[in-house]
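Okay, everyone, let's have the model up on the screen.

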Amino acid sequence: MSENTFAPIATLPSSTIWPSITVSIPISRSLAISLIILFSASITSVPGASSVFVGANVTYANDAKEALGVKQETLDKYGAVSQETAKEMAISVGDYHKTDVSVSFTGNAGPDAMEGKPVGEVYIGIKIKDNIKVYKLQLDGDRQKIREQCVNFAIKKLYDEVKVL
């Protein structure tokens, strides 16, 4: 699967959750573009997910991001939709839930540009133990299509990273 090709959401969770259960890595994530229901449903639709799925934080507003642990200076300098914010969100949600694996999403799903960022610009942070990667995506489609692409990308990346542990 190429970086810009996404499998249907329903086909990915079972192959993602089982490697996580095998290595007993709990998963948490922070979301900023209304992905919590979609991402959570994708992960928890698999029997046994409760053994690795710890929790989620919806951090839609900047105040919520700050409460989670994102620095005000980061938001002021880079904005909510940025690599730096995604990184701090992934670290903060992992610390909050005391997990080895955490995922953050921040981006603009539209309908208009935000903070000078075009519709479809998304940053996904994935933290596994002390390794943090942030992926910048420029996605096309309506709000729902952008959300689905984010979830598929994150699940695929989680699977790729966790299966090697």
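So, Lys71 is partly exposed, at 47% relative accessible area; buried here means under 20%, exposed over 50%, and partly exposed in between, with a 1.4 Å probe and protein chains only. Before I go on: this is a predicted model, where local features need pLDDT of at least 70, side-chain atom pairs count only at pLDDT 80 or more, and totals for chains, interfaces and linings use all residues. Residues are numbered from 1 along each chain as its sequence is written, and side-chain values use heavy atoms, with hydrogens and water left out.

What does Lys71 pair up with in a salt bridge? With Glu88, at 3.8 Å from N to O. The pair links distant parts of the chain, 17 residues apart: Lys71 sits in the loop between α3 and α4, and Glu88 in helix α5, residues 83–97. Helices, by the way, are DSSP runs of H or I with at least four residues, strands are runs of E with at least two, and both are numbered from the N terminus. Glu88 is buried, with a relative accessible area of 14%.

By the rule I'm using, a Lys or Arg side-chain nitrogen within 4 Å of an Asp or Glu carboxyl oxygen, the count is three salt bridges. Another one is Lys133 with Glu161, 3.0 Å from N to O. That pair also links distant parts of the chain, with Lys133 in strand β5 (131–138) and Glu161 in helix α6 (143–162), 28 residues apart. Lys133 is partly exposed, at 31%.

Then there's Asp160 with Lys156, whose closest N and O atoms are 2.8 Å apart. These two are four residues apart in helix α6, so about one helical turn separates them. Both are partly exposed: Asp160 at 22% and Lys156 at 23%.

Okay, on to the strand. Is β3, residues 101–107, largely enclosed or open? Seven of its seven residues are buried, so β3 is largely enclosed by the rest of the structure. In a regular strand, side chains alternate between the two faces of the sheet. Here both faces are covered: Val101, Val103, Phe105 and Gly107 are buried on one side, and Ser102, Ser104 and Thr106 on the other.

And the neighbour? β3 runs antiparallel to β4, residues 121–128, with seven bridges joining them; strands count as paired if DSSP finds at least two bridges.
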